[in-house]
Amino acid sequence: MVCLGNICRSPLAKGILQSKLNSNIAIIDSAGTASYHTGNLPDIRSIKVASKNLIDISNQRARKFIIKDFDNFDVIFVMDEENYINIRSLSRNQSDLSKVKMILNEINPNLNESVPDPYYGGDQGFENVFKILDEACTIIAQKL
Ligand code: 4NP
């Protein structure tokens, strides 16, 4: 699960998908395309909205996406178009490229919709992001 800062959207996506899966079925991780929050906890507003939904994401720490992630993961879900462009630009070959998917295409295939960045908004934005990611992760979990 990849977003820009790895403190708002992708930690939620990781926590939500994990909550829908048996722990041994897949390894889920999250990362950001930028490094300015490396080592930080998720944004308190993401921790709160997750907690309200009985999901604990407070054990996550932000990290930057690394090339090795292309080797370590079968699918790389990105939250928005900017992440999509940035992660694809790091790909080394067709196999890497084919792993990068926009997460909301799980709900509406081929529309390339973005999960809105809630960082500069209020709590409502985080509620909205939770709802959207919950829907996408339900579909991903069903496929797994
Ligand atoms: P995220 O949100 O990409 O969902 O983690 C953001 C977090 C931090 C910043 C931007 C977006 N920032 O500019 O610091």
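Student: What in the side chain of His 37 is 2.8 Å from an oxygen atom of the ligand?
Tutor: An N or O atom of His 37 sits at that 2.8 Å distance. A polar contact is a pair of N or O atoms within 3.5 Å; within protein, one must be able to donate a hydrogen and the other to accept it, and residues adjacent in sequence count only if both atoms are side-chain atoms. This is a predicted model, where local features need pLDDT of at least 70 and side-chain atom pairs pLDDT 80 or more, while totals for chains, interfaces and linings use all residues. Numbering starts from 1 along each chain as its sequence is written, and side-chain values use heavy atoms, without hydrogens and water.
Student: How far is the polar side-chain atom of Asp 117 from an oxygen atom of the ligand?
Tutor: For Asp 117 the distance is 3.4 Å. Leu 4 uses a polar backbone atom instead, 2.9 Å from a ligand oxygen.
Student: New topic: which residues surround the ligand?
Tutor: Among them are Cys 3, Asn 6, Arg 9, Tyr 36 and Tyr 120; to count as near, a residue needs a heavy atom within 4 Å.
Student: And how many residues of each class are in that shell?
Tutor: Seven are nonpolar, three polar and two charged. Here Ala, Val, Leu, Ile, Met, Phe, Trp, Tyr, Cys and Pro count as nonpolar, Asp, Glu, Lys and Arg as charged, and the others, Gly among them, as polar.
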